[in-house]
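Thanks for making time this morning. I have one structure to go through, and I will keep to what can be read from the coordinates.

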Amino acid sequence: MTDDLPPLPELPSPASSFAASTALASSNEGLGFRDATIGDFFGSTALISGSSYNSTNPADGFNVPIAGSDRRFKLTENVSPIPVNRFFVNYNHFSQPVRNVTLSKQDVDRVTLGLEKTFLDNSSSLEVRVPIISGLNATQDVTGSGSQTNGEFGNMTLTLKSLLWQQGNQSAISAGLSINLPTAQDANVYNSYTGQSILRIDNQSVHLLPFIAMYHQHSPRTWSMVIAQLDFDTNGNTFLTETSPNSGRFTPISRFQEQNFLYLDYSAGHWFYDNPYGGGFIRRAAIIGELHYSTTINNADLAAAGPDDGDIVTNPFNRIDVLNATGGLRFQLGQDYLLTAAVVAPLKDGENRLFDSEFALLLTKRF
């Protein structure tokens with residue numbers, strides 16, 4: 001078989017390989033390009049409720065409508081521990097993960113545009129992700145008039161990743177930091193009958209997400225990865241109400257911080273088809289299976305979220321533990337393109353089930 005997946009180059013010793021080596025060069029490119037994860041996560045846990053919104057039970061509230069309500073970022077959405085030069089487009093369809101202000105459930109579609117560029121002899125990379133989301137309209141009308149769904153720009157993410165250590169020609173460990181930035185627009189909840197703004201939410205939260213990841217090449221056709229990541233909301237979002245009805249002036253009433261998360265993810269894949277002659281449209285085909293565990297690591301915040309005393313924002317279920325399974329097929333098209341199609345199934349129920357199902361389509365091009 002020609003053009004097998006290349007092995008990782010051997011380094012002198014684990015200690016001397018810390019903080020990157022020039023030996024980690026373009027031979028890693030094929031691994032980082034081909035053997036990326038698929039992903040699983042939709043991270044909307046906080047709900048708004050109260051007499052101003054006709055939902056006095058916090059568990060029956062509506063989702064915070066920032067970034068289409070798809071607020072959080074998770075590293076394992078199409079990523080490899082190995083730095084690589086690539087463009088990518090991710091499409092994710094989530095079945096009924098959120099409720100709008102009228103308490104109706106709705107689907108969410110997310111398109112993520114991404115670019116990863118290596119440096120330091122390909123031992124490190126910087127990645128930029130820009131999500132575009134069709135989900136909750138940032139402007140919600142409690143009367144139900146108009147559309148509660150809209151296309152919204154999400155919160156951009158920057159990720160710095162570096163190879164740290166390698167053993168022989170089989171395994172490598174990388175680590176880094178993702179920064180999720182509040183680039184989505186602010187949210188507004190109003191009453192179109194009275195023209196009064198009930199609540200404004202300033203999108204200000206910056207999330208820091210350190211991670212560590214391990215890649216292991218079992219054979220030229222088979223690989224696996226383990227990724228651990230923490231998600232910290234560093235500053236929260238400000239909630240405001242109008243100083244007086246229809247004044248257009250707002251007074252801060254609270255600052256709400258989202259819960260911090262721990263993400264643990266395992267991904268394995270096998271290239272079951274390889275065209276030894278390099279011709280044809282489909283060069284390789286792989287099957288991929290993943291398990292994703294996400295859990296809150298602190299208690300839920302509770303903050304004022306409206307003009308009435310009972311208007312609050314919180315996660316009414318407090319701690320949650322989410323377990324999802326992902327299965328997909330990946331096709332290498334020619335030398336430089338990957339196309340992956342996958343489905344995600346939640347393995348838990350109740351508050352630990354953040355959506356009914358997910359479909360993902362990922363397109364990657366290396367350069």
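I will start with the chain as a whole, then go through the strand pairing, and end with a handful of individual residues.

Please keep in mind that this is a predicted model.

First, the overall picture. The protein chain has two helices and 22 strands. How compact is the protein chain for its length? The radius of gyration is 22 Å, close to the 21 Å that the globule rule gives for 367 residues, so the chain is as compact as a globular protein of that length. Along the principal axes, the C-alpha trace spans about 70 × 40 × 35 Å.

On burial, 51% of the 367 residues are buried. As for contacts, take those with a sequence separation of 6 or more: 68% of them are between residues 24 or more positions apart. The accessible surface of the chain is about 14100 Å², and carbon and sulfur atoms contribute 60% of that. The charged side chains number 23 positive and 35 negative, and the centres of the two sets are 5 Å apart.

Now the strands. Strand β16, residues 261–274, is joined to strand β17, residues 282–296, by 13 bridges, and the two run antiparallel. Within that pairing, Asp274 is opposite Arg284 in β17.

Strand β17 also pairs with β20, residues 321–333, again antiparallel and through 13 bridges. Two positions to look at here are His292, which stands opposite Asn324 in β20, and Tyr293, which stands opposite Leu323 in β20.

From β20 the pairing continues to β21, residues 337–346, with 10 bridges and antiparallel direction. Gln332 is set opposite Leu338 in β21. What joins β20 and β21? They form a hairpin with three residues between the strands, and Gly334 in that hairpin has a positive phi near 65 degrees.

There is also an open sheet of four strands. Its order is β2-β1-β19-β18, with antiparallel pairing. Which strands are at the edges? They are β2, residues 62–63, and β18, each pairing on one side only. Inside the sheet, β1, residues 47–49, pairs with β19 over three bridges in the antiparallel sense. Ile48 stands opposite Val313 in β19.

That sheet brings me to Gly310, which sits in the loop between β18, residues 302–304, and β19, residues 312–314. Leaving aside residues up to four places away in sequence, Gly310 touches Ser49 and Gly50. Gly310 and Pro58 are 252 residues apart in sequence, yet their C-alpha atoms are 9.7 Å apart in space. Is Gly310 buried, partly exposed or exposed? Its relative accessible area is 46%, so Gly310 is partly exposed.

Gly248 is in the loop between β14, residues 237–242, and β15, residues 250–256. With 52% relative accessibility, Gly248 counts as exposed, because the cut-off for exposed is over 50%. From Gly248 to Ser49 there are 199 residues in sequence and 23 Å in space, C-alpha to C-alpha.

The other is Gly146, in the loop between β6, residues 139–141, and β7, residues 149–153. Gly146 has a relative accessibility of 68% and so counts as exposed. Gly146 and Ser69 are 77 residues apart in sequence, with 18 Å between their C-alpha atoms.

Last, some backbone angles worth checking on your own screens. Most residues other than glycine have a negative phi. Which phi does Gln96 have? Gln96 has a positive phi of about 50 degrees, although it is not a glycine. Gln96 is in strand β3, residues 86–99, and is partly exposed, with a relative accessible area of 34%.

Leu103 is another non-glycine residue with a positive phi, in this case about 70 degrees. Leu103 belongs to the loop between β3 and β4, the latter being residues 105–119. At 29% relative accessibility, Leu103 counts as partly exposed.

To recap the strand part: β16 pairs with β17, β17 with β20, and β20 with β21, and β2-β1-β19-β18 form the open sheet. That is what I have for today.

Methods
Residues are numbered from 1 along each chain as its sequence is written. This is a predicted model: local features need pLDDT of at least 70, side-chain atom pairs count only at pLDDT 80 or more; totals for chains, interfaces and linings use all residues. Side-chain values use heavy atoms; hydrogens and water are left out. Buried means under 20% relative accessible area, exposed over 50%, partly exposed in between (1.4 Å probe, protein chains only). Contact means heavy atoms within 4.5 Å. Two strands pair if DSSP finds at least two bridges between them. The radius of gyration is taken over C-alpha atoms; the globule rule is 2.2 Å times the number of residues to the power 0.38. Accessible areas come from the Shrake-Rupley method with a 1.4 Å probe; for residues, only the protein chains shown count as cover. Lys and Arg count as positive and Asp and Glu as negative; His and the chain ends are not counted. The place of a charge is taken as NZ of Lys, CZ of Arg, CG of Asp or CD of Glu.
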